[in-house]
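Subject: Structure for your review

Dear colleague,

Please find below the structure that I am handing over to you. I would be grateful if you could read it alongside the notes that come after it.

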Amino acid sequence: MATHKQQTPDAHPAVSSSRLTGWAGRNRRNVLYVSLLANLVLCLFLFDPKPHTGGDNASYIILAQSILHPGDGYTQHIGPGPVVPHTQYPFGYPLLLAPLVALAGVNFVVLKLLSVAFSLLSVFLFHRIMKCNTTPVIAAAATLCFALNPVLVDFSHWVLSEEAFLCFSLLALYFLTEATRGGGEVRFGRTFWLAVVCLAFTAHIRSIGVAFVGGGMLYFMVRRQWKALAVFFLAVAALMAPWTIRNHLVSTENSAVASAFMMIDPYKPELGTITAADLARRIMHNISTYGGFDSARVVLGSESLWALSVPAVFLAVVVSLLVVTGLLGRIVKHGMGLLEAYFSFFLCIVLVWPDAWSDVRFIMPLIPLMLFYLATAVELIVGLVRPWRKRATVAAAVALLAVAALSLSAQVVRIPFNLRMLTAWSSGNRYAGYPPNWRRFFEAADWIRDNTPATAVVSSRKPRLVYLWSNRRVVGYPFTTDTEAVMAEVTQADYVILDNVSGTTDRYLIPALKKHQNQFKIVHRTAAPPTWVLEVLK
């Protein structure tokens, strides 16, 4: 790709003559088929038909509904009062959901199958990218390793934007790789323009997609391809400008993402905004979190209890060091390639992101390249030892297969529990698999749906989930220690859910309710751990 010589089998004569390399080249397509099948089987055996408890999935569905019924515009109008245009989540993912919502309504199983499809497409695209950037042996091992990756599988059963974002990121990377392959100036042909369109749409799926814009610009700057830089920037800017202009026209407030970034902790706004020292602490905290914890979850899964064990810390550090070594090794050996520019720019954004949100989901788009750089590091390290030099590529493939085996084993142990959950859910238990506190939360929402007027308004820490679950208008409450400000929001409602699912309930809601307890009456209490429904006395 770009100006450096392709890492093809001909560039490694000692490896090219091996039987393994020949086998990988002849069976490239079979390896892809096996990888796709393995990914599909894991996605189905670990499928979860219930709503995610985070609330973002409800937002995307509500926004998809607004696209289908555009009378109020692109909005989350779920509460009383005037319609407020939505500016936080870009329209890309809701647009992908809208046809399915139109066909099947709010059917979580149908909507989640879209994520499964994006998981499979991501495996296919990663295989194509590896074919252009490494030897057949490493490409085959990396494809299988990625197909078995537990984070990829975990997010395939949520109505969240991660799978779609990953898929379109890889699609844009593939097209841009094709447009820059062979060295010299980029070719402004079909693949370049397809890359630009996919890249812009990626940024319209998640705002952090601007990392791809920055990565592309960094690549062209390092390569001193000024014409390509100008065309690339202007084309992407033209496609992204309408959304930005629309947001400035409909809202005078700062971007919700930008506002959250400037806070020390988005969940504790009373702490104020960050200083340079706070930003440095945030970066160090994120390095520690991702390098010493989440890198293990990349291998073991975001839902695996193994990731909490002491050996997982060692695994995380080893994975992180190998990934960084492989990244730097590629840059030293071949220069700043497209993959390296994208990975580096995206990683920088992740490290400055609020550490209250630090999670493996934010590095999920980097996981396929992390596997590639891990293999690159093993190949470089083994290649330094003269007697093993001819086996360096095989050693890298073995390392990937070892990671794949560990990832697979971490998921297999979860399958029996998940199958029991699926059996219970298919038998009519809508709460199967939820922790007790979340089960009570949804039971309270059920009670509200069955025992309150259709015009009732409910206050909850998870208003979007309550809206979809109980079909009632909802309001939230501000994260502030000012009890009067909390009461001003809560008293807009007719009922309040006092939950056991969020620390903000104890921190902000309960003090306000205690101070004004004569304004509320308990009308429902679930079994332990209790969740209460309070009626607001007008």
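Predicted model: local features only at pLDDT ≥ 70, side-chain atom pairs only at ≥ 80, totals over all residues.

Helix packing

The axes of helix α4, residues 56-68, and helix α5, residues 92-104, come within 8 Å and cross at roughly 75°. Angles of 65 to 115 degrees count as roughly perpendicular, so α4 is roughly perpendicular to α5. On the α4 side the contact involves Tyr60, Ile61, Leu63, Ala64, Gln65, Ile67 and Leu68, which meet Tyr93, Pro94, Leu95, Leu97, Ala98, Val101 and Ala102 of α5. By class, the contact of α4 with α5 has 13 nonpolar residues, one polar residue and no charged residues.

Helix α4 also holds asparagine 57. This residue is buried, at 0% relative accessibility. Leaving aside residues up to four places away in sequence, asparagine 57 touches Pro51, His52, Phe108, Val159, Leu160 and Leu465.

A buried histidine

Histidine 157 lies in the loop between α8 (150-154) and α9 (162-180). With a relative accessible area of 1%, histidine 157 is buried, because the cut-off for that class is under 20%. A polar atom of its side chain lies 3.1 Å from the backbone oxygen of aspartate 154. Not counting residues up to four places away in sequence, histidine 157 is in contact with Leu46, Phe47, Asp48, Lys112 and Glu303.

Salt bridges

The count of salt bridges comes to 17. Arginine 297 takes part in two pairings that may interest you.

Arginine 297 has a relative accessible area of 11% and is buried, whereas aspartate 359, at 22% relative accessibility, counts as partly exposed.

Arginine 440 forms a salt bridge with glutamate 443, the closest N and O atoms being 3.1 Å apart. These residues are three apart in helix α21 (residues 436-451) and are therefore separated by about one helical turn. Arginine 440 and glutamate 443 are both buried.

Backbone geometry

The peptide bond from alanine 528 to proline 529 is cis, with omega near -10°. Proline 529 is in the loop between β4 (520-525) and β5 (532-536).

Arginine 224 is not a glycine, yet has a positive phi of about 55°. It sits in the loop between α11 (210-222) and α12 (226-250), and at 61% relative accessibility arginine 224 counts as exposed.

Asparagine 471, a residue other than glycine, likewise has a positive phi, near 60°. Its place is in the loop between α22 (463-470) and β2 (473-475). At 57% relative accessibility, asparagine 471 counts as exposed.

With kind regards

Notes. Residues numbered from 1 in each chain as written. Heavy atoms only, no water. Axes fitted to C-alpha atoms, helices over the stretch in contact; angles between N-to-C directions. Helix = DSSP H or I, 4+ residues; strand = E, 2+ residues; numbered from the N terminus. Parallel < 35°, antiparallel > 145°, perpendicular 65-115°, else oblique. Contact = heavy atoms within 4.5 Å. Nonpolar A, V, L, I, M, F, W, Y, C, P; charged D, E, K, R; others polar. Buried < 20%, exposed > 50% of the residue type's maximum accessible area, 1.4 Å probe, protein only. Polar contact = N/O pair within 3.5 Å; in protein donor to acceptor, adjacent residues only side chain to side chain. Salt bridge = Lys/Arg side-chain N within 4 Å of Asp/Glu carboxyl O.
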